[in-house]
Amino acid sequence: MASCFCFRRRRRPIIASSVPLFLLLVSFLASASASSATTTKLLGSGNNATRRVAFSSEELRGLRSITARLARLRDASVKTIQSPDGDVIDCVPAHLQPAFEHPKLRSQKPEEEPEERPRSSAGRFSDAGQDEDDDPLPQVWRRSGESCPEGTIPVRRTTEDDVLRATASSATRFGMKARGAGLGFARRDSTGGGHEHAVGYVTGGQFYGAKASLNVWPAQVASPAEFSLSQIWVISGAFGNDLNTIEAGWQVSPQLYGDNSPRFFTYWTDDAYQETGCYNLHCSGFVQTSSRVAIGAAISPVSSYAGRQFDVTLLIWKDPRRGHWWLQLGSGALVGYWPSALFTHLGSRADMVQFGGEVVNARPAGAPHTPTQMGSGRFPAEGYARAAYFRNVQLVDWDNNLVPARRAPPARRPAGML
């Protein structure tokens with residue numbers, strides 16, 4: 001099958017491209033639900049205790065498991081950093097991070113960095129050996145002047161209010177997307193499960209990674225039940241119950257984080273958003289190796305309309321030697337990796353890569369569309385410094401080369417390679 005770099009349009013003219021930028025934009029989002037149960041608890045405390053949440057016995061068991069895991073992280077912390085925005089960052093020994101509670105990863109420790117990075121078109125490896133003084137991602141917590149010691153990772157502390165707010169609809173799915181949330185984009189439909197997407201995608205080949213720079217916006221989100229994000233998806237598998245995805249980018253999610261700040265995030269699933277995977281470090285799986293980047297922490301500065309633009313460069317690629325999917329930020333700083341053992345289809349390669357945005361429209365059918373913004377909330381025709389963009393969009397081919405997305409990689413990898 002021939003490879004294709006395509007754009008997905010549905011219902012609105014939401015995607016346009018220009019060289020060298022792909023201007024991806026829209027104003028939309030997904031649905032939320034309320035659940036009933038037998039035990040109630042106030043959401044928040046004091047003046048913030050404005051909503052009562054009910055949980056079933058099963059959900060209460062799930063909450064106890066979550067709070068026990070969070071307590072283990074706090075107890076393992078060797079240093080605590082107070083961020084200027086109110087976040088608390090715990091410096092946790094890398095071998096005690098949540099990843100190693102996964103049945104396939106128990107008793108393991110973070111692996112060494114890959115020997116090789118993907119090569120650029122000029123034949124150079126992609127920005128390996130970044131100066132340690134460089135800031136791979138400007139985050140608010142770094143303004144404190146504090147840092148985590150060598151051998152630890154910065155973990156944004158999750159509070160009880162965070163858990164209660166994010167589990168208002170289901171206490172068993174803390175840190176997870178709604179079931180089937182991403183199937184609309186995977187089936188080449190801009191909507192799915194209430195979630196709405198604007199993406200450019202590459203399909204019809206075998207892919208081993210992706211790279212792009214995407215500008216960060218303070219997207220306005222109209223409801224705590226809605227979110228807005230901009231990200232890269234690396235995808236494999238059928239669009240039923242065995243879809244595998246790896247995802248990274250920035251998002252605004254009041255329900256998950258308690259504010260409207262753009263935050264760096266990761267996600268993964270091995271079963272089409274059913275029972276596996278999660279955001280950030282909210283479950284076992286993703287192995288963080290960086291002591292300088294806090295997944296889930298706020299990004300600052302951000303882009304402004306008709307003003308300065310700030311973007312983040314993401315590279316996700318499969319290490320050809322050990323098979324893990326690594327995440328790189330900026331000009332060479334590694335954040336960590338998704339072990340290949342987490343996946344079925346992505347254990348070997350990806351079938352599709354997507355670049356774009358997603359929002360959730362929580363309003364009922366027939367109601368006016370949510371004003372929640374995707375990216376800047378402006379259409380692509382307004383151009384640079386006004387619309388959200390992806391630039392320098394590239395793919396990783398079977399030989400660990402970075403190639404432009406419009407020139408998709410060969411469909412086959414030599415036998416014997418991971």
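The entries below go from cores to cavities to salt bridges.

**Entry 1: the model.** I noted that this is a predicted model. I kept that in mind throughout.

**Entry 2: nonpolar cores.** I looked up the largest nonpolar core and found 88 residues in it. Which members touch the most others? I listed Ile232, Phe264, Ile316, Trp338, Phe355 and Leu395.

Entry 3: Next I turned to empty space. Rolling a probe the size of a water molecule over the atoms shows where such space is left. I counted 3 cavities of 30 Å³ or more. The largest cavity holds about 190 Å³ of space. I found 14 residues lining the largest cavity. Leu73, Val155, Arg156, Thr158 and His282 are the closest to its centre.

Which element gives the most to this lining? Helix H1 does, with 4 residues. H1 spans 57-76, and strand S8 (152-156) also supplies at least two lining residues. I sorted the lining of the largest cavity by type: 5 residues are nonpolar, 4 polar and 5 charged.

**Entry 4: salt bridges.** I counted 17 salt bridges in the structure.

Asp87 and Arg263 meet through their side chains at 2.9 Å, N to O. Asp87 sits in the loop between strands S6 (79-82) and S7 (88-93), and Arg263 in strand S14 (263-269), so this pair ties together parts 176 residues apart in sequence. Are these two buried or exposed? Both Asp87 and Arg263 are buried.

Arg119 pairs with Asp399, with the closest N and O atoms 3.5 Å apart. Arg119 is in the loop between S7 and S8, while Asp399 is in the loop between strands S20 (389-396) and S21 (402-404). They are 280 residues apart. Arg119 counts as buried because its relative accessibility is 17%, under the 20% limit. Asp399 is at 33%, so I logged it as partly exposed.

Lys177 forms a salt bridge with Glu358, the closest N and O atoms being 3.4 Å apart. Lys177 lies in the loop between helices H2 (160-166) and H3 (183-186) and Glu358 in strand S19 (350-360), so the pair joins parts 181 residues apart in sequence. Both Lys177 and Glu358 are buried.

**Entry 5: a network.** Last, I checked for linked salt bridges. I found one network made of Asp87, Arg156, Asp162, Arg165, Asp259 and Arg263. Arg156 was already in my notes, as one of the residues closest to the centre of the largest cavity.

Methods
Residues numbered from 1 in each chain as written. Predicted model: local features only at pLDDT ≥ 70, side-chain atom pairs only at ≥ 80, totals over all residues. Heavy atoms only, no water. Core = buried A, V, L, I, M, F, W, Y, C linked by side-chain atoms within 4.5 Å. Buried < 20%, exposed > 50% of the residue type's maximum accessible area, 1.4 Å probe, protein only. 1 Å grid on protein atoms, 1.4 Å probe; cavity = no way out; pocket = protein on both sides within 12 Å on 5 of 7 lines; lining within 4 Å. Points joined across faces, edges and corners; volume = space filled by probe spheres on them. Nonpolar A, V, L, I, M, F, W, Y, C, P; charged D, E, K, R; others polar. Salt bridge = Lys/Arg side-chain N within 4 Å of Asp/Glu carboxyl O.
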